[in-house]
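Good morning, colleagues. Please look at the structure now.

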Amino acid sequence: MPNHADVLIVGAGHAGAQCAIALRQSGFSGSIMLIGREPDLPYDRPSLSKDYFARDKSFERLLIRPAQFWADKQIALRLGEAVEAVHPDLKQVVLADESTVTYGTLIWATGGDPRPLAVPGANLSGIHTIRSRADCDGLMAAIDSGARRIAIVGGGYIGLEAAAVLARRECQVTVLEAAPRLLARVAGAEIAAFYAAEHTAHGVEIRLNASITALTGQDSVDGVALADGEVIPADAVIVGIGIAPSIAPLVAAGAAHGSGVSIDAFCRTSLPDVYAIGDCTAFACDHADGTVMRVESVQNANDQATCVARALCGEARPYRAFPWFWSNQYDLKLQTAGISLGHDATVLRGDPATRSFSVLYLKAGRAVAIDCVNMVKDYVQGRKLIEARARIDPASLADTSRQLKEMVSTI
Ligand SMILES: Cc1cc2nc3c(=O)[nH]c(=O)nc-3n(C[C@H](O)[C@H](O)[C@H](O)COP(=O)(O)OP(=O)(O)OC[C@H]3O[C@@H](n4cnc5c(N)ncnc54)[C@H](O)[C@@H]3O)c2cc1C
């Protein structure tokens, strides 16, 4: 394996893989190396809480590109190896086995690690996260060997997607959410109430305002203790309470950072010739009025990756890609466009009882995001309103006798 790469990418997830692909697509002819901590070829991570977890898709079908692609494109892969230190002065990284690789340009694309639950008992066996294939395989093995009572800590998308899969596998699922409602970080109250009702109808118990004091058990977890003294019995616990960006080596090297490694509009860190992309980055998001934030999505990972690849091929343009997300639970497909952070009003379009409706989020009268449940038409048409941050009166938005595209033509 060479010990130098013109472009060295650390992290072989969505952002890292896409950056290598986009470099070749843009005609980059220098050497590229992708170093990834996981042993697997780059794969589609969202499937880990959806069709891979449900066993509707094999791992091979998750691969972002087949093995041969990387060889054909002369992208050197070092998988199962972690970078532990960065020396920007030497333009060098140090791996866990103490070998070194020098670079012309370094691209940091390391995503994040699941945040652990900070309570006694958090190190017992039987406590799972869902971030990597290995995590998911470990959880599936626990279910296969008889775990049936599953407590899920965290009512965000990953926890709820896992709950939907487990409910179909006849597990007794309890979702424990600290906030007064589900999806508090990512969606409005209407969407949260809808999903709470759906999960309840599928036999999932939702506990809101749940304050967890400990995970109980001797060696293996056997329950989740709550502040009021109740213990929820559990054969396995899934913790899905967000991620901490994997940026320690960059931070130790002196990179500016906040909730992630700080990047400018061109995805440059404060270190020379070091870019960062994907979940590990914090940046001023145009679509959230310049709020500095991490955007954890495949769209953001892929688009930042492409932005950097183009810059390295002489086509530097600031990163302004439009954010979109999705979540699959039961037979429900949620599609989101824009960022609802800081919204001050919502407009419901359609009737949640039909299981096909949308919610528009307004900020100072402008449409800033839309959540569409089994409503592809609204998603496709509504995106344009959101991209334009259209100012449309709420009564018109709510009127389902009118298509959103009619309103697009008025902006
Ligand atoms: C279960 C699950 C479901 C999701 N569902 C959706 C969804 O429906 N829609 C959506 O848009 N997004 C979803 N996401 C988020 C999406 O997967 C991420 O936003 C995306 O993977 C980010 O890409 P990334 O390359 O920044 O990070 P990752 O894909 O996490 O890749 C980072 C890689 O870097 C490796 N790494 C870390 N540190 C080092 C190191 N020091 N040295 C070498 N390698 C290192 C990691 O092991 C990892 O393989 C989901 C995420 C999860 C976990």
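A residue is called buried under 20% relative accessible area, exposed over 50%, and partly exposed in between, with a 1.4 Å probe and protein chains only. The model is predicted, so local features need pLDDT of at least 70 and side-chain atom pairs count only at pLDDT 80 or more, while totals for chains, interfaces and linings use all residues. Residues are numbered from 1 along each chain as its sequence is written, and side-chain values use heavy atoms, without hydrogens and water.

A salt bridge here is a side-chain nitrogen of Lys or Arg within 4 Å of a carboxyl oxygen of Asp or Glu. By that rule there are 27 salt bridges. In one of them, Arg 207 pairs with Glu 230 at 2.7 Å, N to O. Arg 207 lies in strand β11 and Glu 230 in the loop between β13 and β14, 23 residues apart; strands are DSSP runs of E, at least two residues, and helices runs of H or I, at least four, numbered from the N terminus. Glu 230 is partly exposed, at 32% relative accessibility. Arg 207 also forms a salt bridge with Glu 205, with the closest N and O atoms 2.7 Å apart.

What of the pair Arg 349 and Asp 378: buried or exposed? Both Arg 349 and Asp 378 are buried. Their side chains meet at 3.0 Å, N to O, and link strand β23 to helix α8.

Finally, helix α4 covers residues 157-168. Ten of its twelve residues are buried, including Tyr 157, Leu 160 and Glu 161. Glu 170, which follows α4, has a positive phi, near 60°.

Methods
The expected span of a helix is 1.5 Å times one less than its number of residues.
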